[in-house]
Each structure stands twice: as C-alpha cells, then as structure tokens.
Amino acid sequence: MRNLIFIIFFFLIINLNNTSYANEKIVYLNVNYVFSNSISGKEANKSFENKVKNLENEVNKFTKNINNEKDKLVKQKNILSDDEFNKKFTEIDNKIKEFNKKIKIKNDEIVNLRKQVRSNFTKELKKILSNYSTENSINMILKQEDILVGSKTLDISNDILKIVDSNKIKLIE
C-alpha cells in the first residue's frame, strides 16, 4: 500500500513539473536577417563592399603597372647586361612583395572592421532583446539557426528589425 501511494505521488510530481514548463514563452530570431535588412546593417555592408572594391581596383592597377614594367624589362633583356637585368628584376620583385604586405594589412583591417561591427551589433541587439523579452514576458529567445522546426508565429525577427531601425544603431565610426 505504501508503495502504491509513493508511486502515485511520484507521478503527480512529475506531471506537475511538465505542465509548469508548458507555460513558458519561447521565441526565435534570425540574427543574420535582422543584420542584413536593418538600416545600420545595410550601411555597414555597403561600406565593406566599397572598401573591398577599392582594394580590388588598387590591386588591378598595381598588377597592370607591374606587368608593364615586366614587359619593358623583357624587351630590354638583350640590351641590358645580366647584372643590370637581374637588378631591375629584383626591384620589380621587391615592389611586388611590398605591395603584397600592404594588401595584407588592408585586408586584415577590413576583416577586423567586420568583426568590430558584428560585435557592436551583437551588443546592441542583446540590449534590445533584453528589453523586448521583459516587455513581452518572453522566457527564452533562440537563434533561428538552432531551431529545426518552429511555428512562424514564434519568429520575432521582423519585430526586432523594426526596433533596431528605430534605434538607429551606429556600427561604424
């Protein structure tokens, strides 16, 4: 008899715990969608694209100039002495190495800027999500990437996008 009461009591406790979790409000958010479609995210992406285009133009211009110098040197090969030819060839090679260092530095700057912008966006987004979850009695906000299947009614991406746009977050100084 004692065992029967214990078993019934045990199942009641388990059942009460399960029903208490059913009242939790859980939603999800597509962070990449919010970043890509927000005004500040679009400005940041446009800035990145401009920096990359400028870098590509600089590389193309340098490549064209170096190729011209190489062609000139090849044409002068029969006229120049071997030492002079090697000296000029080494100068061109050094220019290429120096330019590659500059390109690497500029590329690293773009990568670091991108990381900084994402970090700033994430900090601001956390503040917004904290306020939003408090105002709407939300217990948990998950990333959409971590959700296998979820109802579209639980997606708060558009609501957060509107809030992010209204806050006018400055991501790039």
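1. Start with Ser 157: it is buried, at a relative accessible area of 3% (buried means under 20%, exposed over 50%, partly exposed in between, with a 1.4 Å probe and protein chains only). Ser 157 sits in helix H5, and a polar atom of its side chain lies 2.8 Å from the backbone nitrogen of Asn 30. Beyond neighbours within four places in sequence, Ser 157 is in contact (heavy atoms within 4.5 Å) with Tyr 28, Leu 29, Asn 30, Tyr 33 and Val 34.

2. A word on the model: it is predicted, so local features need pLDDT of at least 70 and side-chain atom pairs 80 or more, while totals for chains, interfaces and linings use all residues. Residues are numbered from 1 along each chain as its sequence is written, and side-chain values use heavy atoms, without hydrogens and water.

3. Of its 19 residues, Leu 29, Phe 121, Leu 125, Ile 156, Ile 160 and Val 164 touch the most other members. H4 gives the largest share, 7 residues. Another core, of 10 residues, lies apart from it and includes Ile 66 and Ile 110.

4. Finally, helices H3 (residues 39-75) and H4 (residues 82-135) pack at about 175 degrees, axes 11 Å apart. Helices here are DSSP runs of H or I, at least four residues, numbered from the N terminus; axes are lines fitted to C-alpha atoms over the stretch in contact, with angles from 0 to 180 degrees between N-to-C directions. H3 and H4 are therefore roughly antiparallel (over 145 degrees).

How values were computed: Helix = DSSP H or I, 4+ residues; strand = E, 2+ residues; numbered from the N terminus. Parallel < 35°, antiparallel > 145°, perpendicular 65-115°, else oblique. Core = buried A, V, L, I, M, F, W, Y, C linked by side-chain atoms within 4.5 Å. Polar contact = N/O pair within 3.5 Å; in protein donor to acceptor, adjacent residues only side chain to side chain.
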